[in-house]
Every structure is written in C-alpha cells, then in structure tokens.
Amino acid sequence: MECFAAWKTALSRLVDCAIPADADPAQFDFHGRSWQLPEAFVQINGGSAMSMSRSQRVIDDRPISQMSLYVLTRGSAVADYDGRKRSHGPGDVVAVDYSLPYESRTPGYEGITLTFDRASAPAGLQGDVHGMVLTAQSSAGKLLGTLIRALVEHIDGLSVDQAQSAVDGILRFAATALPSGGPRKEREDVPLFDRAHRLARGRLSDPDFGPDDLMAALGVSRSKLFRSFEAHGGVRRWLVGIRLSASLQVMIRSAGRLKISAIAHQHGFRSEAHFSRAFRKRYGMSPSAAQASSLHAHGNLVYLTWAEQDIAAGGSTAEAWLASARTRAWAGAGRERSSRV
C-alpha cells in the first residue's frame, strides 16, 4: 500500500488511478526510471494490475499541455480514448493527448512513454491523433517501436542534445506514420486553458499580444477569460509564464549559441532587463545563471527517479529539466562543502 500511495501521488497531476476491485492490493507493484530532456520526458515503467482515468473533470481541474507516445513492451491493456476503444498488445504504439479524456485498465504491463509539449510537436501530431495506434504487425509500428526501444537502450551514453535530437526524429516519423482524424475540431468540452495555450504559443514573439487579443481569438467574454485563469494567477501572469517556459527551452537547446537579449526578443519581452526580472522572479536565478547550468550539464543526462517526478508537476518539461539540474548542482556543491569540512 505504500507503493500504491507513492504511485498515486506521482500520477496525481495527470490521472486518477486505482487498483481494480478484482486485484489483490498486497500484490501491487509499480516501478520505473525516467530521463528529463529539455523538450521531452522519457520513461520506462511497469507494474501489476491497475486502472487510470483522465476524465473531463480531471482535465478541467488539472490542465496540462502535453501529449505522449506510448509503446507497450509486455502485457496487455484495454483503453477508451474519448470514445475510441482500443486493446493493446506488446509492440503497439499509441498517441495520447492529455487535453482529451481517456481511461485504461491493465492486468500487468511494461512500457515506454515519450511525453512532450503539444504546442511544439510536429504538425502531423497536432490533429486528432488521440488514441490512434500503430500496431506491432504494421511496418510503421515495428519501426517506431524499435526506435523508441533503441532510444532507451542507448540513452545513458548520449548527451542531452543527442537524446533530444533522437526524440525529435521519433516525433517527426510518428507525425507521418500515425493515422489522423484530420484537424482537431474545437469543441465546447475542450478546456479553454488548452485552446488558449495553443494560441499563446503561436504569438510568442509579439510583445503586444495580451488578454484582449486572447479574449477575441477565443470568442469569450472578459469575465469568463479572467475567471478561467484565476487558478493560474491571472491571464497576464500566465502569458508571461508561457513566454518564460518557451524561452527556457530555447536557452537549453541552444547551449550558449544564442545571446540572452536575442532569446528575450524572440519571446516577446521588450528588453533584456524586463526578461531578466521576470525570469529571476519565476525561477529564482538569472538567465545567465540558468544558461551556465545548461552548459555545465549539457554533456550529461539529468536523471529523475519516479518518486522525484513531482518536480515536473507544473507540466513543463523545460522547467523540470532546470529544476533537476539545479538540484543536482546543489547536491554536488553540498558534497564538495562536506568534503572540505
């Protein structure tokens, strides 16, 4: 039950989870390992019988702006992706969009998950791919599954940039191989937060883009817009957060090749000073210090155990990367101080 409680806490941002009524709680098992990259989160995990659900209520209460590719390597699962019912066997690869409901149940499994920000995904993954599957019997499914398994097999020997580039290649192939239902229709039950996120990501470089533009594009009243973003500290604060998160991604990926002033300009900040103040307030360090952290760790993967994933509770992979890099740096500095003493 301690293992179940830790597992439930680790996944609480994403799904509601439970042990099926016909399963023995004393036999519950969950295990995994994960790698945090600037624009992706790679996991291998497995466990005993369990069920997971991301209902519309959970989506509204805990919105996140991510998707994933999942390959089942052992066991089986039955899932319902917003009306698309699927049965998965070893080797199947499925796309999951966390802005849409789904529920799944397994008697036991092992698998690999690639999680990434939806807004920065290739165009082919921006359509209605929720629950779309490449089966283990198809040529595309075999190749995609092989690529994902090879990434995990060799990731320990790759630099951060090499691993992220491998993920980028996997996503580009998946975008061309996965069947798509076409452009996603905006529905009333698609969270306002999710639609706003996609709009904001498309206007990052425009310093004049603000609440009025968002209100007009979404077709909602000012009161409804501001009410919807109360939990996120207000619309303006949320917009600044989107710009800062995107700028952090670019900073990590560029590995010092871009000046901080250029990154600030690309993400809608009117001056480097304005950018630096906002960056320090959000991350507790200056842009130059964050850039130095990314350069210091650029040749190494930053590891997170499953229990430490609450670092990424906010849903941004780049921010989780920075948090883990800082944690690792602080731990190293602490060991160095202890050795001197």
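This is a predicted model: local features need pLDDT of at least 70, side-chain atom pairs count only at pLDDT 80 or more; totals for chains, interfaces and linings use all residues.

Biologist: Then in which loop is Gln 126 found?
Modeller: The strands on either side are β7, residues 102-117, and β8, residues 133-134. Gln 126 is therefore found in the loop between β7 and β8.

Biologist: Is Gln 126 buried or partly exposed?
Modeller: Buried would need a relative accessible area under 20%, and exposed one over 50%. Gln 126 has 27%, so this residue is partly exposed.

Biologist: How far is Gln 126 from Ala 175 in space, C-alpha to C-alpha?
Modeller: Along the sequence, Gln 126 and Ala 175 are 49 residues apart. In space, their C-alpha atoms are separated by 8.6 Å.

Biologist: Now the whole chain, please: how many helices and strands does the protein chain have?
Modeller: Of its 341 residues, 51% are buried. Among contacts between residues at least 6 apart in sequence, 73% join residues at least 24 apart. As for secondary structure, the protein chain has 12 helices and nine strands.

Biologist: Let us turn to α6. Why are the buried residues of α6 on the same side?
Modeller: The buried residues of α6, which spans residues 211-218, are Pro 211, Leu 214 and Leu 218. They are on the same side of α6 because they cover an arc around the axis of only 60 degrees.

Biologist: Which helices do the buried residues of α6 pack against?
Modeller: α6 is followed by Gly 219, which has a positive phi near 70 degrees. The packing partners of the buried residues of α6 are α5 (192-201), α7 (222-228) and α8 (235-254).

Biologist: At what angle do the axes of α5 and α6 cross?
Modeller: Two packed helices are described by the angle between their axes and the distance between the axes. The crossing of α5 and α6 is right-handed. Their axes come within 11 Å and cross at roughly 115 degrees.

Biologist: How many nonpolar, polar and charged residues does the contact of α5 with α6 have?
Modeller: On the α5 side, the contact is made by Leu 192, Arg 195, Ala 196 and Leu 199. On the α6 side, Leu 214, Ala 217 and Leu 218 take part. By class, the contact has six nonpolar, no polar and one charged.

Biologist: And Leu 322: which residues is Leu 322 in contact with, leaving aside its neighbours within four places in sequence?
Modeller: Leu 322 lies in helix α12, residues 317-340. With a relative accessible area of 3%, under the 20% limit, Leu 322 is buried. Its C-alpha atom is 8.7 Å from that of Ile 252, 70 residues apart along the chain. Beyond the sequence neighbours, its contacts are Leu 248, Tyr 283, Met 285 and Ala 290.

Biologist: Back to loops: is Arg 62 buried or exposed?
Modeller: Arg 62 sits in the loop between α2 (56-61) and β4 (66-81). Its C-alpha atom and that of Val 15, 47 residues apart along the chain, are separated by 8.9 Å. A relative accessible area of 14% is under 20%, so Arg 62 is buried.

Biologist: What value is phi of Asp 82 near?
Modeller: Asp 82 is in the loop between β4 and β5 (84-88). With a relative accessible area of 34%, Asp 82 is partly exposed. Asp 82 is a residue other than glycine with a positive phi, near 50 degrees.

Biologist: Last one: does Ser 159 count as buried or exposed?
Modeller: Ser 159 lies in the loop between α3 (139-154) and α4 (160-177). The C-alpha atoms of Ser 159 and Leu 37, 122 residues apart along the chain, are separated by 9.9 Å. At 16% relative accessibility, Ser 159 counts as buried.

Note on methods: Residues are numbered from 1 along each chain as its sequence is written. Side-chain values use heavy atoms; hydrogens and water are left out. Helices (H or I, at least four residues) and strands (E, at least two) are DSSP runs, numbered from the N terminus. Buried means under 20% relative accessible area, exposed over 50%, partly exposed in between (1.4 Å probe, protein chains only). Contact means heavy atoms within 4.5 Å. The arc is that of the directions from the helix axis to the C-beta atoms. Axes are lines fitted to C-alpha atoms, for helices over the stretch in contact, and angles run from 0 to 180 degrees between N-to-C directions. A crossing is left-handed if the near helix is turned anticlockwise from the far one by less than a right angle, and right-handed if clockwise. Ala, Val, Leu, Ile, Met, Phe, Trp, Tyr, Cys and Pro count as nonpolar, Asp, Glu, Lys and Arg as charged, and the others, Gly among them, as polar.
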